[in-house]
Each structure stands twice: as structure tokens, then as C-alpha cells.
Amino acid sequence: MDSEWLNIFEKRPRDRSSKECEVLFDSLRKWKSLDRFSVGFLRRLSAFAYLEELGDGVTLYRKGDRGTSWYLILSGEIAAIPYRDQNEANATSVSILDRGSTFGESVLDDAPRKMTAVTRGPCLLLRVEKKDFIQLWERNKNDLTGTANGQVHPNVAHFQQHSKSVDSMTPVSSPVHNFSRSVSSKHLILQNLQNSERRGSASSSRTPSRSNSTESSSTQSTVLPEVTNDQAFASSILHMLLLESGNSIVRDRNVQGRIVKRTLIGSDLVDWLLSISSAFQNRSHACSLLQVLLEEGVLENITSDAVQFQDRGVLYKFTQDSYLDDFSDEVPLPSREEIREAETRKDDAISILLKKAPDAVLRAILRKHPEERTEEDVEAIYEELVHISSLSHLSTSIKRELASVIAFESHPKPGTILFQQGDEGTSWYVILKGSVNVVIHGKGVVNMLKEGEDFGQLALVNNAPRAATIVTREQGCHFLRVDKDDFNRILRDVEANTVRLQEHGKDVLVLEKVPPSSGKPSMYKYTVMAGVPSKMLEHLLETRLDSRNLETREEIIPGKSSIGSTLTTDYFLDDYLLTYILFMPTPQLISELEKNYRIDSSSQDREFVIANKSRVVQFVNQWVATIRDPVFDEKCTHEFFENLLVWLKEDSEALLALEEELEMIEHIVALLNDFRAQQSPNKRKLGQTWTLPSGGQSVTLFSKHEGEEDRQRAIRSTDDIIFRVYCSDHTYCTLRLPISTSAEAIKNSASDKLGLKHSDLVLGEVRSTGEKIIIPNSDIAIPTGLSINGRLFISPREHIDAMTPLPDQEGPSDGTGSELEMFSTRELAYFITLADWEHFNAVHEYELLHHVCRDVKPKRIKSNLDIFLRRFNELQFWIVTEICLAGTLGRRVTLLRKFIKLAAYCKEYQNLNAFFAIVMGLTNVAVSRLTQSWERVPSKLRKLLAEFESLCDPSRNHRSYRIAVSKLQSPIIPFMPLLIKDMTFTNDGNSTVQEASGLINFEKMHLLAQTLRTLRFCRGRQLLIQPPTPRSEMEVQNYLRNLRVIDNQRILTGLSQRLEPKRQ
């Protein structure tokens, strides 16, 4: 609190400007004693209230007097005495109101006071005069009756037992005269304000408050989110710009027979936003910003109580304009200086609000009654539920059911009790934001639950009392809540929609009814939830590959949907093909296909036999089209395809059918023969070889297939690679082996060349930090999986500690800033994107499965994925290395500017993987601490980087990034680490085999395949970007292929501190 705050409070309300009211609002919302009140109420209070400081024993009014003011206690205590003379009171008859309490509502009906009010010790009060309080009451009844939190202040409850209203008290005379003798200096007021706030903060952290006396499933908390300084600033900027625009859309309007001043139509407000900024992608994007203002209480909905902003003829009003409704017919226009400042900072204001927009829109949807939610609303909630860890084990249909009924609940205070041990269970909670303590009688806090975790489910399932008390740990906790009736109904519906097929008394297939999509009946009645592999295949052949009603490839795997699209579509065939390696070895799959094809029997109908054979061929055709070369990598498929060709020739002659199917298999066998030719010994000698440079650069092509273009292509398991293996004394041997060579084979070859005994040797990676990682004997594709500047070492097990980093593993000692200055930034971004696109295109879907699910047999190489991930780290550390090796301040500033622009170009090219790498490099602690350098970077570029950081923000499971990328069309180079994180999340949170039944959990396969389809969508179109004007094409490509970086954070931080030592 400062003297400006006090000076404003001394002014009469009609003399306060809207900017001064905003200053008061900023101060009031920081008080712990006021955090139960809504943002809108505090805004109005800042326009009407006076600040009063009183000493001990001051009588505010006496019983029986008429009221002229209403009060709110900021600090201190007020004694309420049911006698006109306080000397008549005894200890039992006196009740105490403490900070945050309100009294004086009797001014509404001009009734006499029921109590005498006397201060107990020094007090700070906010006082609102009668005529102003009537307006407050009309707009904020919930706040003023103590129901903003669904709770009543305990002292208010006590008073209500003794009188009709705790607020039936009247002052003896005008408070202005009575209090003048007790008001101290501004200095003392400031000191008391600060001390009181500290005491309030301490006491609020010690004393838990109960959110509701009995747990209620029907009551939602309507507490608004905390408004930050940035948000208040941004709101005032937009309001000033709106006033400056000439008030063309702000007019007085007739609403239900009364004139409401200074209102705006929702659609006009959207039009205005679109006209003042190009930051909005469309109208809905602008609506999301206005949703933030509505949620904060900056905007009021005049027409209805709808919680979501409406882009139509709904009337809105800025709350700041409401302050002056009774004082003036016109809102004072901002000064020229204020307008100039607002114009300058407009983009900042819009950026601040847009960062908050996605969460505000989601909260608005969650606050809707389930019956009011649209299909788009339910889809938005479902998208949120998909990424909550505690719900990962639930089926897609259950998550969709939850999305239609789940409610939002928030609690601003730490120490709020959600329910008590022993209470009846009425709701199940998921923590959306914040954390809670789990408290058990006699044991205290036994656990802490954080964002993404759930609680309260057990009491609903078992219909038992609550086993613990749940207390919020921090401010602003947000929860998703499912009430008991909805919870039980969903369980019943799921069971009713579930069909279990049994053999010999055991479940072999569990099916679930598919809900219709977009009002259209689903083509397939049931989808697979779990089953025995052979029965799932049988069901797939019978229902998804009916030869008499075949679906096209495009309908099964849509290529036009956006990333994150989860509309109900049948992906069973695609899911099965992409993930079968996790639960069914290829020889077993072939055996089942042969069994289904060779179903000939004299008792079978001819059409039935033809249909069965056709389904198997259709499956094989889709299998090869979906998986491509990895199908041929397994030798068992070769004999199967050749046999299938022989059988089809015989069957087409015997049955006079299956001609199209025969053509399909002939094409597949031709592809097989091409594959074999590429793998022949003669071809392999002339084939593709890779090399792992000794300087720490990435794996590069050493020699290519004869006649092929000189370009990056996918690494195959049969390709050779040249690499070094070191001893502890830093001697080495050079090996040339197939990529798929195991660690044990590498160890044996290296030991032979180095003259070491084979017994008890280990192969390991030594990183630049000195970290040693022992590589298991069964691992394959070792050279391509090394970290940046990592080296392969071989050593006797007892001498592992002797393995130390090579001198060149520390990285370069000089930067390449002068060379970088020769290249245009767009040219760098263009060739980075071309190289990344080639790496990304080379990654097969199976490589992600083998990276995440490491127990898959047989092991396959994931070298293309390893190199792509390594490239991400290489770009990130390249940024940090170049800046930390730039010896002059001017060079560092030049590089910072160049790299920010480089991130912008990569974003423009939709190379989001490189974009993330560059932004993470610029925000690395070794770079971000260089304050002298950053001070010289133009503010426009610093703001641009701040926007990039917002997009890269990992909070809420990278929500900002997911929203942005969902609006893009292919080609896209996605942020690969996040895709891997999603798959790891799915894999770790869901078992492959259900423990109780032993069936394969196919819901898990669907979730994994859904992420894999993202890769396919991103690569749906060829990358065609306009090349920049060629200046140094060969030099740029050569430079980017040979990046030298420091990947040791300790070294980078040391270099940074030497450049700009920490200021004392």
C-alpha cells in the first residue's frame, strides 16, 4: 500500500477517475480478508468505498438508530452488543466480527439497528454510503450474503441466530464527524495496513476453512480466478482504446423497459477487436479474449446470466463505466498521453489476455449446465480429460460420458476443507490446478495430491464414508467434479453398452457399443475394448473387411483431419495394424491369417468361402500399405506371401472369383522381390554406409546406393555404419558393422581389434559430463543412439571408473559468429527445415513404439528417431554455445537478434521441432542470465520471444502448443519430444494385459495409434516452401551438417558467468 492509494480513498467517489478506481481495485484484491469476494464486487467497491481507521472503543452506532452506511472490516474486530449502552453487556452476550466480515445491510430497508457496534482494538474499515450500497446490493447479492463461496462466515451465522440480520445496526451520527478525532496520520495508516495484511496472511495459512458444512453435489463454487497485475493492465488498455474510438459502438440502450447506459453488442465488440489488431486468427479467437474479460468481471453481461461470451446481439458493459452511472452522463475520455501509451502497449495487452484465453474458455464451458453444452463444448472438455493422468485408464467412451456431465469447482483459499473424514461421499474430484493435503484423524497429513490426480472415488464405489479429510494446500485450486448420481449412471451405462463373448466360461472378446457421430448412425455397431489376439483378428476380418461392402483406404484413415481430432471414427483396422507387434508376434499373426484363409469345407457356402478369402487378402494388402518395409524385414512373411499367391491362383481358377485379390498379392510379391534384391550380398556391397564422425557431429551418409541421389534417406537395419570404440587410455579402433549389430557383437569385434580378453568386458557410453552408461548386451543400433559428444568405450568391468571423457568431448573453444553473420537468417531456417523434414520423413511409426515400449520382441532399430531427437538437442545447444562463445557484447546482441528471427522463420515454415529447440536454447539459464546483452536487444524482438515462450509453455500439458498446432495443416514438423511424452504417458498409465481377465487392453492400443496417426497427418503433404534468394547454399548446408556444440551445462554456465559476472 502507498500514499497514492490513501489519497484516492480520501476523494469522494464521484471525483475519482476510472484509472484511480483501477488503482484501488489492484490494492483491494491483494487483501486476504477480501478473497471471498468476486472480482466484479471489488471493482465496484473501489468506486464507492471510503477508508476509515478507528481506535479502540469507538462506537460506530447504537441499537435502534437508523443506518446511513454499510461496512466491511479490513482488519481488527467489531463487538456487536444487543443493548443500546455497551455497559449493559456481559461477556456471553457480546459477539465478535473479524476481518472480512460485513455489517450494515439494514440501510436497504431503513430498519433500525438491532445491535450496537463498538471497535475492539485498532480497526480498518471500508465504508459505503447508503445510496451507493443499494447499487452494490442489487448487483452483488451473492457476495454480500456470504454465498460467494457457498459458505457463511461463522460470526454471521452466530449473529443470525440472535437477530433477523447481523447488519441491523445504525450509527449514532454521521461517521465522517465521529471518526475524525481517531484518524491518525497517513504514515500510521500505511503501517497498520501492512501489519494487518501480514497478520491476515499468517492466520489464513494456519486456519483451515470449511468450504461447505455438508458436502453438496449441486452447489458449484463461483469464485472467479485471481486477476493478475498484467491482466488488470491489459484490460484498462483495451478500455481506453475503446473510449478513444469515438464511442461508435458504445451507446445507451433500452433493456426490458429501462435505459442502460454505455452498453455494447457482443458482435460489435468482436468486430472492433478484429479491426484494431491482426493478432486474432478468426472471430472465435477474439471471443476467447473477451471471455477472459467477462470472467474477470471487467465485462458484464447485461442481457442474461450466460457465463460464455456470445458473438451476437447480447449486451455487455465495461464494469468501469458502471462506476459513473449515477454521477455523470458521460464517461471521461482518456488524455492524449494515455491514448499514446495505450496504442504503444496495445499488442502487449492483447498478448497477455490471449495467453489466458484457452483456460478461460474451458472454465466457461465447464460452468455450463450439462444440458446447455454443445457437441463442440463436450469435445473441448474431452480433449482436456484425455491428458489427465488419473483418467488415462478409462475407456474413450467413459471419458466422453464424463465430458458431458463433469463440473468445475474452485477454491481461492489454502486451508479450505472440501470434505471431512466420515462424511457421506457425494462427489469424485480431479485436481485441475493446485494441490491438496490428505488428513486422517490421529495421523495428520498422510499424503499430498497434485495436479492431474484424483480423490473421492472409493467412497462412491463402495458407498462408504469418507476415509480422510481433504484440505487445499495453496491459493486458487481448481477441480473437476463428478457427482454421485452421474458417476453411478455412467457405470451403469457402460455395463449396459458392453458385450462379453465367452468360450469355455471365460471372456475372449469385450465389445462396446459405438456412439453415433454428428447425429449419423455409426457404420459399426461395436468396437473392441479388450480380447484375445486371435478373437480380435477374427472380429476385425468379419466386421471391418467385408468383401461385399469394402471401405476405401481414405475412409478408414482420414488424411484431412487436424492434429488432435478425436471425432468418433472407427479406426479398429488401423489401430490393429499399427500396434499388433505389442501383443501378437508376426508368426502368430500369419498362422491366424492362414487359418482364416484356408477355411475350405464341403459344408460351407461358396459365397462364404470367397468372402473369407477376400477378407484375408484385403487385410494383407492394408498391412503392407500401412507398415511398408518393416513387414518384409521379418523373414516369415516372405514364405507366407509366396504361398498366398499360389493358393490364390488355384482358388481363382476353382471358384471363378478373386481376380482383384490375385492382382493385390501379385503386387505385394513384386514389392517383396524388389526388397530382396536390395538386400542381396552383391547389392549390399555397393549399398548404403553411414559414419559417426569423431568430432561429435551427427551420423552422416558415407556412401550411397549406386545410382541414387545424394540425399538423406531412411537408415535400414542392414545398412553399415563406421564408428570408433575407445579404451580407457583413449586408444581406439574403427569398426564397420551393420546398424542392427548388438552391443555384445560390437564388444567382441572391438576386443579382437584392441587385443583385449573377452571375459567380463563392458560396452558403455561416456558423456561430456563424465557420466557413464553401461549398455546391455542385447541392445542394438548403438552408434546412432549416442548423445551429443558421447563416445563408445570398452573396458573390463572392474576398471569402469578409468573411462574418462576425451578432451574434444568438451566441444569447441571458439564460436562461429563471424561465419554465421555471412548467412541470411531465412536461408538458415530454410535449410534447417529441409534437413529436419528429411529426418522426420525417415522415422517409421514402429520406431516410436520401440522407443516407448522397450520390451517389444523382436527388437528393431530406431536409428532414424534417435537421429531426429539428437538433432533437436544439437540445435538447442548450438544456440547456447554460439552465444556463450561470443566474446564481445556487440556480437552477443547480434546473435540474439539473429536467433530470435531464426525461431520466427522456423515457426513460419511450420518446423515446430526446430522452433522449440531454438526457443529453449534462448531461454537456457546460461543465455537468459546475460542481462547486459538482453538490455540491448530491441524491445520488439524481446516481446516476440516472450510470445514464443508462451507457445512453448509446458504448463497444462503444453496446452498452448496443442491449441496452436491443432489449427495447422500439413506439412508440419511437430515437436517430437511431446509425441514421445504422450506415448510414454499412455504406455505407463495403461497395462497391455488386463490383470483380472488376461485379455489384451485394446483401449491402450487405440490411444497409442492415435499418436502415431499424428505423424501420418503431419506428413500428409509434401514440403513445398519457397527457397530464399540463393547466396551461399553449399556453405550453409555444409555449416549445418557440421555443427560443433558444448552440451555440458556446467561449462556453458561458467562461460556465461565469465562474460557477464554476477552483479554484487
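Predicted model: local features only at pLDDT ≥ 70, side-chain atom pairs only at ≥ 80, totals over all residues.

Colleague: Which residue in E23 is the bridge partner of Lys513?

Modeller: The bridge partner of Lys513 in E23 is Tyr526.

Colleague: And in E31, which residue is the bridge partner of Gly531?

Modeller: E23 also pairs with strand E31 (residues 1000–1001), again in the antiparallel sense, over two bridges. In that pairing, Gly531 has as its partner Ile1000.

Colleague: In what order do the four strands of the open sheet come?

Modeller: The edge strands are E21 (498–503) and E31, each pairing on one side only. Read across, the antiparallel open sheet has the order E21-E22-E23-E31.

Colleague: Let's turn to salt bridges. How far apart are the closest N and O atoms of Asp575 and Arg1013?

Modeller: Side chains of opposite charge can pair when their charged atoms come close. Asp575 sits in helix H21 (residues 572–579) and Arg1013 in helix H40 (residues 1002–1018), so the pair links parts of the chain that are 438 residues apart. Both residues are buried. Their closest N and O atoms are separated by 2.8 Å.

Colleague: Which residues are linked with Asp575 in a network of salt bridges?

Modeller: The structure holds 45 salt bridges, and the one between Asp575 and Arg1013 is among them. The network that includes this pair also takes in Asp574, Arg628, Glu845 and Arg1016.

Colleague: Is Glu874 buried or exposed?

Modeller: Glu874 forms a salt bridge with Arg870, at 3.7 Å from N to O. The two lie four residues apart in helix H32 (residues 863–884), about one turn of the helix. Arg870 has 7% relative accessibility and so counts as buried. Glu874 is at 1%, and because the cut-off is under 20%, Glu874 is likewise buried.

Colleague: What is the relative accessible area of Lys862?

Modeller: Lys862 forms a salt bridge with Asp866, the closest N and O atoms being 3.1 Å apart. Asp866 is buried, with a relative accessible area of 13%. Lys862 is buried as well, and its relative accessible area is 16%.

Colleague: Now to helix H25. How far does H25 reach from its first C-alpha to its last?

Modeller: H25 covers residues 636–655, which gives it 20 residues. At 1.5 Å a residue, the expected span is 28 Å. The span in the model is close to that, at 28 Å.

Colleague: What covers the buried residues of H25?

Modeller: The buried residues of H25 include Phe640, Phe641, Trp647 and Leu648, along with Asp651. Their cover includes helix H22 (586–597), helix H23 (606–627), helix H24 (629–633) and helix H26 (659–679).

Colleague: Which residue takes a positive phi just after H25?

Modeller: H25 ends at residue 655, and Leu655 is one of its buried residues. Just after the helix, a positive phi of about 55° is taken by Leu656.

Colleague: Stepping back to the protein chain, what share of its residues is buried?

Modeller: The chain has 42 helices and 31 strands. It exposes about 47,200 Å², with carbon and sulfur atoms supplying 49% of that area. Of its 1064 residues, the buried share is 54%.

Notes. Residues numbered from 1 in each chain as written. Heavy atoms only, no water. Expected span 1.5 Å × (residues − 1). Buried < 20%, exposed > 50% of the residue type's maximum accessible area, 1.4 Å probe, protein only. Contact = heavy atoms within 4.5 Å. Areas by Shrake-Rupley, 256 points an atom, 1.4 Å probe, with all protein chains shown as cover. Salt bridge = Lys/Arg side-chain N within 4 Å of Asp/Glu carboxyl O. Pairing = 2+ DSSP bridges.
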